[in-house]
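This briefing sets out the fold, the surface and the charged contacts of one protein.

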Amino acid sequence: MLPDAPLELPYEGAKEMLLVEDMEDRELLRELITAMVNELPAPKKRKK
């Protein structure tokens, strides 16, 4: 969805992440989050 988005380090020692510069575009943010949810791994079961 953001092929030209720059990759940035959010803090020292972190992996690179997409930089979303237009935080005011609610429709774009909604679409990004909806698309990412489907790509996330399933949560691991917690040990009791």
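A residue counts as buried under 20% relative accessible area, as exposed over 50%, and as partly exposed in between. The model described here is predicted. The protein contains one helix and two strands, and their order along the sequence is β-β-α.

- Along the principal axes, the C-alpha atoms occupy a box of roughly 40 × 30 × 20 Å.
- The protein has 48 residues, of which 8% are classed as buried.

**Nonpolar surface**

- I33, M36, V37 and L40 form a nonpolar surface patch of about 420 Å².
- Of these residues, I33 belongs to helix α1, which spans residues 26-37.

**The salt bridge**

- Side chains of opposite charge can pair when their charged atoms come close.
- One salt bridge is found in a search of the whole structure.
- This contact joins the side chains of E27 and R30, with an N to O distance of 2.6 Å.
- E27 and R30 are about one helical turn apart, because they lie three residues from each other in helix α1.
- E27 has a relative accessible area of 40% and is therefore partly exposed.
- R30 is likewise partly exposed, at 47% relative accessibility.

Methods: Residues numbered from 1 in each chain as written. Predicted model: local features only at pLDDT ≥ 70, side-chain atom pairs only at ≥ 80, totals over all residues. Heavy atoms only, no water. Helix = DSSP H or I, 4+ residues; strand = E, 2+ residues; numbered from the N terminus. Buried < 20%, exposed > 50% of the residue type's maximum accessible area, 1.4 Å probe, protein only. Patch = residues over 30% accessible without salt bridge, like charges linked within 9 Å, V, L, I, M, F, W, Y side chains within 5 Å. Areas by Shrake-Rupley, 256 points an atom, 1.4 Å probe, with all protein chains shown as cover. Salt bridge = Lys/Arg side-chain N within 4 Å of Asp/Glu carboxyl O.
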